[in-house]
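User: Let us go through this model label by label. For each one, I want the value set against its definition.

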Amino acid sequence: MRPESIPIAQRLSPSRVRSTKGAFSPQGSGGGGADGTFLGMKLAADQVRYVAQLARLGLSDAEMEAYSDELSKILDYVGQLSQLNTDAIPPTAQVGDLHDVMRDDVVGPSLGAEVAVAGAPDRDDGYFRVKAMQDEMA
Amino acid sequence: MLEQGIVRLREALTRREVSARELTEESLRRIDDLDGKLHAFLRTTPELALRTAGAADASLAAGTAGPLAGIPMAIKDVLCLQDVETTASSKILQGFVPPYTATTVQRALDNGAVPVGKTACDEFAMGSSTENSAFGPVSNPWDLGRVPGGSSGGSAAAVAAGQVAWAFGTDTGGSIRQPAALSGVVGLKPTYGRTSRYGLIAFASSLDHVGCLTRTVADAAEVLQVIAGHDALDSTSSPRAVDNYRESLDVGISGLRLGVPREYFIEGIEKGVETAVRGAISELQEAGAEVVDVSLPHTAYGVAIYYIIAPAEASSNLARYDGVRFGRSAPDARSVVEQYLRVRAEGFGPEVRRRIMIGTYALSSGYYDAYYVKAQKARTLVKQDFENAFRSCDLLVCPTSPTVAFPLGAKTQDPLAMYLNDVFTIPADLAGIPAISVPCGLSDGLPVGLQFMGPSWREDVVLRAAAAYESMHDWMTETPRALAAA
C-alpha cells in the first residue's frame, strides 16, 4: 500500500508507530515505561463498569461492550507517552503566569438565591430540592 | 453585504450609507434563507438583535458608537447570554437560560455588537466536525456534503456564508482555527489568560480559550481589542495591559523571522494542503520574511497528551450536570443516584460520555500517575519545544489542519481518526500560545488554512504576519461554492 493511501488514523496508530517510522510517529527518547508503569493496556468489561460507576454515568450492556473496545484503542494510542523519559520533567497543570490569585474578602453584588436557582428543575424558596440520599448511604 | 466584515461595515455605518437596522435585517434574512441547508444556528434572537441595532443606530447618530456598533455577530452556544437559552449543543442543558452573560460577550455588547443568534457546535465543544451536536450537524458552505470543521463549526459556517459579519468561537484543541481553515475564514485564538473564560461553559479549564472567527485579519484585531483584558471574575485572566493590535496590522512582513517546524510537514498531510501552505511560505519569503527551519520534536505526542488532559478536566467539570442544578432532570427517579445515572445517560451524547469515561479512568486511583501526571509532564516538553523554537524565530508558520473539509460521516465511526485531525492545532493549546488561521487558497475547490503561532502575549506579531499575508491576496471576498447558486 502506498503511504498516501493509508488512512491517517492507521498511520498514527501506536501499532504502526512501533513497527515503522510512519507519519507523526514520535521519535521516542526514553526506553518505554520511564516512570515504571506500562500504559495502554486493554480495558476489561468490569473496569468499564467500575469507571462508569465512578463517573455516575448510566451505561447499557451494549455500551459497556462497545466502550471496552473503543476506550482500549484510545488508551493504547495515548500509551505512546510511555516512550518519553520524563523522570526529570516537572508537570504542567496550567500555562498562565499567575499564582495564588486572591481578592479582598469583601461582599459584592451577586445573583441572589432566587435567580441562582431559577434554572433548577426542582427548587423551593431559593434552594435546590434533591431526592433523599439516605437509601444510598448504606 | 455582511461578508465585507467589521472594518468595512463600520465605515459604511459611519458614513450613514447603511443602518444597523438594515444590516441586522439582512443578517436575519440570510439566516432564514440559508440555514435550512447549513444548520449553523441553534436559535436566533431577532427581538434582541433589532432592539440592539436600534440603540446602535442612535449611538452612531450621536457619535458615541463603539467599534463593533451595529454589526451583526453570532455567539457559539457554549458562551452564556443572559435570558437566552444556552445549551452547549447538549440535551443535558436543553432549556437552560443563564442568569448572566459571559464577560467576552458582554464586552462585545458594550461596544455595540448586535447578537443575532447562538451557533451550533460539537456537544460541550468536544469534536472536530460539529457532528457531535445533539441538534444535528452543520454543513460546510463550500460543499454542503462536508463538515465545516469543529467544534466552532456553526460559527465558521455562519461567517463563511455571510449570515453574520463575525462570530465568537472557543478553542480547546483547535476548535476556532480548524473550522476557520475548513470553512475559509480567519480564526484567532489568543494567549491563555488574554480573554476571560467567565460565562464560558467549561470543557477543559487549563485549555479553554475564547476567540473569534472573522472575514479578515483586521476584523480579528478589532474583536480582540474589545474582548481582551483582565476580568476579576476569572482568576486565570491576566492583568497585563492589552496591546494596541490595530497598530501592528500595517507594519508588514519584512524583518520577521518565520520558523517552519519540520514536524508539521510529514507523511499524512494532504498534498493539496502542503502545496498551498508551502506556496504561502514562499510568498512570505519573497515579501521580505526570513524563513528558517525549526524543530518541535514532541509535536507527535500532542494528541496523546491532549486526550488525557482534556478528558480528565472534562470529567471533573461535567460532574456538575447532575439533574439538580440546571437543565434536564429525571423526576420519577427513586433515588438521587438513580437520577444522576439516568440524567447523565440520557443527556450526554456518545462523544461526551466517551471522554468522561477516559478522563475518569485517567484520574482514577492507580492510573493517575501513569496517565494524568505523565501527560502533564509531557505537556511541559511541548511547551519547552515552543520556548526553544522562539529563541531562533519570531513566529511559526505551518498548516492549520492536515486535511481540507471531509465528507459528513467520514470519521464518526472512528473517534481516533477524528482526534488526529487536530494534530497541528493541539500544541498551541497545550502551550497556551496565540495562533491564527488565515485562508491560503483552495485545494480541489475547498479552503486551506495557513497557521501562524507566536510566543505568549505576542498577538500583535501573529496579527501582523497574518495581515501581511492576507494583503497579498483576495481570498476573503470569494463566495463559497455551494452558496454561489443560492
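User: Which residue of β11(B) is the bridge partner of B:C398?

Analyst: The partner is B:Q451. This is a predicted model, in which local features need pLDDT of at least 70, side-chain atom pairs count only at pLDDT 80 or more, and totals for chains, interfaces and linings use all residues. Residues are numbered from 1 along each chain as its sequence is written, while chains are lettered from A and ligands numbered from 1 in the order in which they are written.

User: What makes β9(B) and β11(B) paired strands?

Analyst: Two strands pair if DSSP finds at least two bridges between them. Four bridges join β9(B) to β11(B), so they pair. The two run antiparallel. The strand labels are DSSP runs (E, at least two residues; helices are H or I, at least four), numbered from the N terminus.

User: How do you know that β9(B) is largely enclosed?

Analyst: Five of its five residues are buried, so the rest of the structure largely encloses β9(B). Buried means 20 or more other C-beta atoms within 10 Å of a residue's own; 12 or fewer is exposed, in between is partly exposed, and C-beta atoms are placed from the backbone.

User: Why are β1 and β8 of chain B called edge strands?

Analyst: The open sheet has 11 strands in the order β1-β3-β2-β4-β6-β5-β10-β11-β9-β7-β8 (chain B), with mixed pairing. β1 (41-44) and β8 (290-294) of chain B each have a single partner strand, so one side of each lacks a neighbour in the sheet. Neighbouring strands are turned by 30 degrees against each other on average, direction ignored.

User: Which helices pack on the sheet?

Analyst: Helix α7 (217-227) of chain B is one of them, touching β4, β5, β6 and β10 of chain B. Its direction makes about 145 degrees with that of β6(B). Helix α16 (459-470) of chain B touches β9, β10 and β11 of chain B, and its direction makes about 20 degrees with that of β10(B). Axes are lines fitted to C-alpha atoms, for helices over the stretch in contact, and angles run from 0 to 180 degrees between N-to-C directions. Contact means C-beta atoms, placed from the backbone, within 7 Å.

User: Where is the kink in α2(B) centred?

Analyst: On B:D32, with a kink of about 35 degrees in α2(B), residues 20-38. The bend is the angle between axes fitted to the seven residues ending at a residue and the seven starting there. Buried residues of α2(B) include B:L23, B:S27, B:R30 and B:L34.

User: What stands out in the phi of B:H39?

Analyst: Phi of B:H39 is near 60 degrees, a positive value in a residue other than glycine. Most residues other than glycine have a negative phi, and most peptide bonds are trans. B:H39 lies in the loop between α2 and β1 of chain B. B:W457 has phi near 70 degrees, again positive in a residue other than glycine, and its place is in the loop between β11 and α16 of chain B. The peptide bond from B:G150 to B:S151 is cis, with omega near 15 degrees.

User: Are B:H39 and B:W457 buried or partly exposed?

Analyst: B:H39 has 22 C-beta neighbours inside 10 Å, so it counts as buried. B:W457 has 18, so it counts as partly exposed. B:D414, with 15, is also partly exposed.

User: Where in chain A is confidence lowest?

Analyst: In helix α2 (residues 14-19) of chain A, at a mean pLDDT of 34. pLDDT is the predictor's confidence in each residue, from 0 to 100. Strand β2 (residues 127-128) of chain A is highest, at 94. Over residues 1-38 of chain A the pLDDT is below 50. The mean for chain A is 74, and 66% of its residues reach 70 or more.

How values were computed
Contact = placed C-beta atoms within 7 Å.
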